[in-house]
Amino acid sequence: MSRAISLNVKITEGKDWPKPKNAKIPAKFHFSFGFLNGESEKTKVVNSNELQDLNIEKNYNVKAEDLLNLCINSNSDVFHLKFIKGEDDKNAVEYGFIDFNFNKFYSESLVIEDWYTFQLIEPENVPNEEIPKVKVRFEINEPLLLDKERENGNFLTIKLGPITKIPHGWCPKENQSVTDIPLDFIVIASIPTGNTFKNYFFRNGKVISLEDNQYGVSWEKDTQTFFLDNVAQHKLEQLSVNSEPLQFKMIRCIQREKFVDGWIDNNERKYRAKFEAPLRKLMEPGNTSFSTCSLLQQSPDEGDSVLDNRPKSANKRKKKTKDPAPPQLLPEGDEQTHPFEQMETSVNINVYIENPLIPKPENRMKPNLKPSELIPKRKKVEKKIDALEKYHEELSAVVDILVNEYKTLLRKDSNVDRDTFIFELNHSGKYFSFKERLKECVIQVVKEKFYFELKDKNENEIKIFYNDLYVFLTKQMHVALNRIFTNAKTEEKPPMTGIDGKPTDKWKRLADEAEVNENYALTAQYHQERIAHAEEEESPELKEILYEYGAFSMRVKDITKAEQAFRETLSIDMAHIPCLRLYSVLLLMKQQYKEAEVFLQAVVDVDPNDYISWGLLSLLFKKINNPKQEQQSLIYGESALEKQSNSRSSLKILVAKFLLSVHSDELAEDMLLEETEKTPEVLNALAKVYMIRENYEKVEEYLNDSIKILYKSMDTWEMMGEIHQKFGRFAEAEQALETALSVTDQHVDSEPNITLLLKLGSVYLKLHKYEKAKDTYLNAAKEWSSSICWLGVGISYYRLNDYRYAEQSLNEANIQNNKNPEVWAYLTLVSIKNNKQREAEKCIREAMS
């Protein structure tokens, strides 16, 4: 809001002028007027004969925000007009003055015109008909505050005082009341205005009596409001974000109305002070106010140029007295401790803003689009029922009716036999209805299972066809009956668990194993088998299966497959928060920021405490250079983190770890580089970034730096062991992984994970430490019974020449996954050692297939 306003001031006419001493000579006079803190300007000299047509005019160009702030606060010193008798400074005497109020301009009025009466300097013995009046017109060329400025700006209100625990030197002495104290306290507030700061004044602070015989300082006008345009509001936000305060200075001087020639405030510089109002509380979402009590600090070098900048009277008569100066003005001795510090002098400050700098999450700015507008809901495809399955269903329905009919007959006659039952069915017509009911589905079975044209067929071929059809339908009838009447008990098997310890299905477990073995093509195949099976069975777990496939595709940088899986997931369930979050990350990687914002905003709408999504939003706004919303999102995220987690990690580190879990290394690096302190946690995360990029030298460098700071870190030593493996340094890998297994992680309270045990077991095998390898793999198998674990156990037993347990372990591995060629290969070797030639041949064929 750097607009300039044109202000026209015009004195059009006057009346009730003071009469001159010599009636024959008209009185001469002139005016002086100006703004607060501005220079006074003299007008032309006029005489009392020209009252009807003064036409004294002046134009000003002023900043809109300066004039607006003066109008908001209805400050009596907005504009100052003085009536001065005489022609020049030597003989001129100030006769009266008017303080103009411009608050009508704030209500969008562009013109103020009225008659005003001068306030006389020495009103004694002046008759009413000699108290001068003038008609003044003020006009501005455009409103002080435009609608757009009002929409993008804010109002800052400061309520100051009182000052409490004031120094004893300010308090009344013997036979003195507070009204006799001639001190005036002026506070200068430094308020953001555009890109800079402007000083605004709280004047006329006076000593007052408080409760309990205490004294303080208060201001008659203790509250002022300032308009902040969008630039100034951004400046205020920056102060709040950086925990920087609003700055205030205070000086004291002698009250103008009590000023006497010869009086000097000898302690004025001693009591110059500064204080501040910290703004950090305005960063709380939805907060529009705070109160603080700020200690005064001595600042003797402040305030030289701001003691009193109000326009001075021309040759104003100063009071003269022989009375001694009040004790407050006399020199004070030098104390070892300043009175401010000794008394703990403080001032109360209340700060208000009209609109919160950080709106509540539900009131934040949101994109107009919704996820459902970008991803259409998945249409449910009606599954076509197989004719044979329909035949089975109809048979089951017929059987139910037959059973009910037979039960009804038994209630009437307990001696009902087969012939009687058939007679009743034929007699009632139900037997015929059964045939009609089955006819339609039998026709469909013939169409689908028997492609046979009866035309041009001989009688023998037709009989063969009918015979085959009868046999087929009869066989299927028995299948349906067996389903109905067979109560076979299926053996209850313990649920399978995945590598994360959660219940899972066969395909997911196989996919986990393949991913651990870094066989990503096979992993993708298992995920696809899982999806196909879920779709065929119309499983409610389909959305989770698709999401897991998408997450895997993200980890292997197959962005196309990941996007397809995520969109399929969201077409089924648009409120799937993990999928919304990961799809947003994918869009961020593709630099589709508008779409990413839509999905991330949807997440925090569903769950406002999802701190990871808030962190991702802050990263998004940083990418599009929107610092205001970036900071808002960080604050929302930190607030949610405090509620949801006891983690000592910062929000940015947690977001970076989440990004690394899906191998989004570039985005994670952006978050980590903002961390100024390179803690072990940050260094480990940066090492993971370069691990994904396969820059192992850089990884080792970061890990060594991390170990220097914190030796006992499981994550650090596990990655170090993996690096040694990559370089073929298995002895060093063994030492690092054993250290990871033994140390207590000071950052993450967790048990050693399965992958650590698998890595260590693999290293033991490389070093021919088969006993240790066996024990390590067995421990892993207790936590995760999988083919890869039992294969490790089997290899260890084989190398220890214990072929019996080797065979048992390899058989268990084969049960878990009979598609693993390595398992079949070792079973071949064990069979040869056990002289089982036929089994060895069979195993080698399976391994080769």
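Ring pairs join Trp17, Phe29, Phe31, Phe83, Tyr95 and Phe118 into a cluster. Rings of Phe, Tyr and Trp (its six-membered ring) pair if their centres lie within 6.5 Å; planes under 30 degrees apart count as stacked, over 60 as edge-to-face and the rest as tilted. The model is predicted: local features need pLDDT of at least 70, side-chain atom pairs count only at pLDDT 80 or more, and totals for chains, interfaces and linings use all residues. Residues are numbered from 1 along each chain as its sequence is written, and side-chain values use heavy atoms, with hydrogens and water left out.

Across the whole structure, a search finds 36 aromatic pairs.

| Pair | Centre distance | Plane angle |
|---|---|---|
| Phenylalanine 79 and phenylalanine 100 | 6.2 Å | 55° |
| Phenylalanine 465 and tyrosine 466 | 5.5 Å | 45° |

Phenylalanine 79 lies in strand 6 (residues 79–85) and phenylalanine 100 in strand 7 (residues 93–100), so their pair ties together parts 21 residues apart in sequence. Strands (E, at least two residues) and helices (H or I, at least four) are DSSP runs, numbered from the N terminus. Phenylalanine 79 is buried at 1% relative accessible area, and phenylalanine 100 is buried at 2%. Buried means under 20%, exposed over 50% and partly exposed in between (1.4 Å probe, protein chains only). In the other pair, phenylalanine 465 is buried at 9%, while tyrosine 466 is partly exposed at 47%.

Glutamine 601, in helix 16 (residues 593–606), is buried at 3% relative accessibility. Leaving aside residues up to four places away in sequence, glutamine 601 touches Arg364, Met365, Lys366, Pro367, Leu617 and Phe621, where contact means heavy atoms within 4.5 Å.
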